[in-house]
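Trainee: I have the sequence and the model open, and I'd like to go through them with you one question at a time.
Mentor: Gladly; let's look together.

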Amino acid sequence: MRYPDGIERPPPPARQVCGALLNYRADLAGLGERMRAAPYQAPPRAPVLYLKPRNTWIAGGDPIPLPFNAQRLCVGATLGLVFGRTCVRATEATAAGFLAGLCVINDACLPHEVIFRPAIEERCRDGFCPIGPSGPMPAVGLAASWRMRTYVNGELRGDWCTGECVRSAARLIADVSEFMSFHPGDILMLGTPRDLPVATAGDRVAVEVEGVARLENPIVREDAR
Amino acid sequence: MKRGRVAYAGAIHGCEPHERGLRLDDGRVLAETEVVWLTPVELGTVFAVGLNYADHARELASAKPAEPLLFLKGFGAVAGHRATTRRPSGVEFMHYECELAVVIGRTARHVPRDQALPYVGGYSVANDYAIRDYLENYYRPNLRVKNRDGCTLLGPWLVDATDVADPQNLALRTAVNGKITQRGNTRDMIFGVAELIEYLSSFMTLAPGDVILTGTPQGVVNVNAGDEVVTEIDGIGRLVNTLVDDAAFGLAPAR
């Protein structure tokens, strides 16, 4: 796999990466009555999902390219649920049994306020999905809670936890696998809040999921065109 | 050249068309119903374009977009020729979409449209079902509508790009149980193949095996369990799919 800086490295251990938007209660509260107006018309019922394609995947230490025409990008730690078995129509009770482990992901994007259309240009840039190493499932399975922290140049800039989520990890797996199967190597991200730390070229971004792993990447300016 | 991938007699084979159906790479000639058809390429990232025909955009009451409306698909959504696709019970409006599928042949980044077509490896036919009952207005079209297991069909053949003189002049049509319900021509795309490659490669790297489903013209109608849906593009292929209900799919009716 050739990375955005032109260097060949082995790909991160992922097959497919899916994330959830609006999975934090504060985001729904923040949108409030705007969810009942155009273009949204109603609050979301099913999980709001997006895919991070393979060009976005990088490993710890690899540079995240800041697009030549962007001033900054958003960064944020999220918990990645790594599947070890094929998972179709799981329930909350069975969800944990499909996982091989957990990982930390820095789910980067370009800032975007309107979320009516899929944010492909904002979310699917090369190198916008640094994926950390996978750790084992804790003994309590998905009953645990996780704290996710984001640092820019060593300074704590984001701090959220799974207890703030609309859907727990187990609930999310159940609701998504109802129509979309997961297979070994697939990763489902719990998502980040919408109000994210920003960073720019020259910054170093670290994300961690407490008790799982930590991942650090520099941001570099993409070559001008 | 047209190439396919099938499973037969316990193994996966490459194949090509034959007057009696298909010819495996080992020389055996088979009817197309004797094999299980896989997607004609191993999939990379799968993109789809919404509202990319002016008539279909009107049909769905949307204004002509300023830039392509793009969304992504996961691997589980995509199945091959002659697949059966589940139509969940209780759904009111599930429709097919006949689309020209573009398979990227080499890595593309910052490619201008006038140089874009050589980056295409080949073309295929797609049928990209949507279940409109599940439509919501966040990251629309949402994955529950457009990324359902087995609801995007691709095949039967990958046709070499060099064998397609003009990808923007291909007649396409859909027939439901033998009756034609959708007709169009790729000349009516709002964003043509070259423009889509220019746009995508302007902000991300396209790699061999990436697939772009280029949208569908007007004429999408509801289809029901038991229907045979055939999406066809002249010179590219004829893709057959059958819808089944939960019981025929092998599931109890939804709770």
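Trainee: Where in chain B does B:Pro141 lie?
Mentor: Let's start with the names: helices (H or I, at least four residues) and strands (E, at least two) are DSSP runs, numbered from the N terminus. The peptide bond leading from B:Arg140 into B:Pro141 is cis, with omega near 5 degrees. As for its place, B:Pro141 sits in the loop between strand 13 (130–131) and helix 2 of chain B.

Trainee: What average pLDDT does chain B have?
Mentor: This is a predicted model, where local features need pLDDT of at least 70 and side-chain atom pairs count only at pLDDT 80 or more, while totals for chains, interfaces and linings use all residues. Residues are numbered from 1 along each chain as its sequence is written, while chains are lettered from A and ligands numbered from 1 in the order in which they are written. pLDDT is the predictor's confidence in each residue, from 0 to 100. In chain B, 95% of the residues score at least 70, and the average is 95.

Trainee: Is B:Tyr139 buried or exposed?
Mentor: B:Tyr139 is in the loop between strand 13 and helix 2 of chain B, and its phi is near 50 degrees, a positive value in a residue other than glycine. A residue is buried if 20 or more other C-beta atoms, placed from the backbone, lie within 10 Å of its own, exposed if 12 or fewer, and partly exposed in between. Because B:Tyr139 has 21 other C-beta atoms within 10 Å, it counts as buried.

Trainee: How many C-beta neighbours does B:Arg82 have inside 10 Å?
Mentor: B:Arg82 is in the loop between strand 8 (78–79) and strand 9 (83–86) of chain B. Its phi is positive too, near 65 degrees, although it is not a glycine. B:Arg82 counts as partly exposed because its C-beta neighbours inside 10 Å number 19.

Trainee: Which strands of chain B stand at the edges of the open sheet?
Mentor: The sheet has 5 strands in the order 9-19-18-15-16, with mixed pairing; two strands pair if DSSP finds at least two bridges between them. Each edge strand has a single partner strand, so one side of it is left without a neighbour in the sheet; the edges are strand 9 and strand 16 (179–185).

Trainee: Which residue of strand 16 is the bridge partner of B:Ala171?
Mentor: Strand 15 (residues 171–176) and strand 16 of chain B run antiparallel, joined by 6 bridges. In strand 16, B:Ala171 is partnered by B:Asn185.

Trainee: Which strand supplies the largest share of the side of chain B that touches chain A?
Mentor: Two residues are in contact if their C-beta atoms, placed from the backbone, lie within 7 Å, and on that basis 26 residues of chain B are in contact with 32 residues of chain A. Strand 7 (69–73) and helix 2 (143–146) of chain B each supply at least two residues of that side of chain B. The largest share, 4 residues, comes from strand 7.

Trainee: How many residues of helix 3 of chain A are buried?
Mentor: Helix 3 spans residues 169–177 and is mostly covered. Its cover includes strand 1 (16–21), strand 2 (48–52), strand 6 (77–83) and strand 11 (186–189) of chain A. Among the buried residues are A:Leu172, A:Ile173 and A:Val176. Out of 9 residues in helix 3, the number buried is 7.
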